[in-house]
Amino acid sequence: MDFESTCGGSIPPGATLRENAETRRAVPEAQLQDSGSGLAPATERWFVVNVRDAEWWLADSRGARCSFESEYGEPAIEFPQLGINVTVLEPGQHGLYHAESNQEAFLVVSGECRLLVEGEERRLRAWDFVHSPPWTEHAFVGAGDGPCVIVMVGTRSGTEVRYPVSELAARYGASVEEETSDWRQAYATVEWFRRERPPAWDRLPWA
């Protein structure tokens, strides 16, 4: 597999580099705006932003996340094909145990966490990589004695999701009480994110 195919940038059959360059339209740069906790795109175009300057969201039980999108902006700007975020989990903070129709991948950049996957528990440290095919049950729980930073990536080819009841995840508060495929039901009693940077900002890799 060539590099262009791997990155999703392959040229259509029969086209040449010259033809592709002559027929393409220039993509303008996006406008970024600060809504209180960092910069997020205000238009659907290309942009560059440092994670230190990007918009952050925080929930005391779920950790902090930076998605580089404007999920709750006016207008909302979301990446249609690929989701990516940087998540920071303090010890004990966690996501919700689930499985979805999209492929996902996770890279621990610093710190430690617990991976709950298919009823098993794995301890992860910096530079551990997790490949999660569609419908793999999983969740992450912060561990160790400090913040854990995880880069999370996932395709957006489908919207189906399932939240199973898990005895293992329940030990960490990361399981629903009743299985559901409705995210609204799953998150009905879960704390929502607010615009705020993580408290451990000065102890993170980019500080």
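User: Taking two strands to pair if DSSP finds at least two bridges between them, what stands opposite G63 in β4?
Analyst: A59 stands opposite G63. Strands here are DSSP runs of E of at least two residues, numbered from the N terminus. The model is predicted, so to speak of its local features requires pLDDT of at least 70 and of its side-chain atom pairs pLDDT 80 or more, whereas totals for chains, interfaces and linings use all residues. Residues are numbered from 1 along each chain as its sequence is written, and side-chain values use heavy atoms, without hydrogens or water.

User: How many bridges link β3 and β4?
Analyst: Three bridges join β3 to β4, and the pairing is antiparallel. The two strands make a hairpin, with three residues between them.

User: Are the faces of β4 covered or open?
Analyst: Strand β4, residues 63-66, is covered on both faces. G63 and R65 lie on one side, A64 and C66 on the other, and all four are buried, where buried means under 20% relative accessible area, exposed over 50% and partly exposed in between, for a 1.4 Å probe and protein chains only.

User: And which residues of β5 are the bridge partners of C66 and A64?
Analyst: The partner of C66 in β5 is V86, and that of A64 is V88. Strand β5 covers residues 82-89 and pairs with β4 in the antiparallel sense over three bridges.

User: How much of β5 is buried?
Analyst: Six of its eight residues are buried, so β5 is largely enclosed by the rest of the structure.

User: How many bridges join β5 to β12?
Analyst: Eight bridges join β5 to β12, residues 148-155, and the two strands run antiparallel.

User: Staying with β12, is M152 buried or exposed?
Analyst: M152, which lies in strand β12, counts as buried at 15% relative accessibility. The C-alpha atoms of M152 and A105 are 6.0 Å apart in space, although the two residues are 47 residues apart in sequence.

User: Switching to the sheet of three strands: what is its order?
Analyst: This open sheet has the order β9-β8-β11, with antiparallel pairing. β9 (120-124) and β11 (138-143) are the edge strands; each has a single partner strand, so one side of each is left without a neighbour in the sheet.

User: Over how many bridges do β8 and β9 pair?
Analyst: β8, residues 112-117, pairs with β9 over five bridges in the antiparallel sense. Among the bridge partners are L115 and R122, the latter in β9.

User: New topic, aromatics. How many aromatic pairs does the structure hold?
Analyst: The structure holds eight aromatic pairs. Rings of Phe, Tyr and Trp (its six-membered ring) pair if their centres lie within 6.5 Å; planes under 30 degrees apart count as stacked, over 60 as edge-to-face and the rest as tilted.
One of the pairs is W56 with W201, edge-to-face, at 5.7 Å centre to centre and 90° between the planes.

User: Why does the pair of W56 and W201 tie together parts that are apart in sequence?
Analyst: W56 lies in the loop between β2 (39-41) and β3 (57-59), while W201 lies in the segment after β14 (194-195), so the pair ties together parts that are 145 residues apart in sequence. Both W56 and W201 are buried.

User: How far apart are the ring centres of W183 and W192?
Analyst: The ring centres of W183 and W192 are 6.3 Å apart and the planes stand at 90°, so this pair is edge-to-face.

User: What is the relative accessibility of W183 and of W192?
Analyst: W183 has a relative accessible area of 39% and is partly exposed. W192 likewise counts as partly exposed, at 48%.

User: Which residues do ring pairs link into a cluster?
Analyst: The cluster consists of Y163, W183, Y187 and W192, linked by ring pairs.

Note on methods
Two strands pair if DSSP finds at least two bridges between them.
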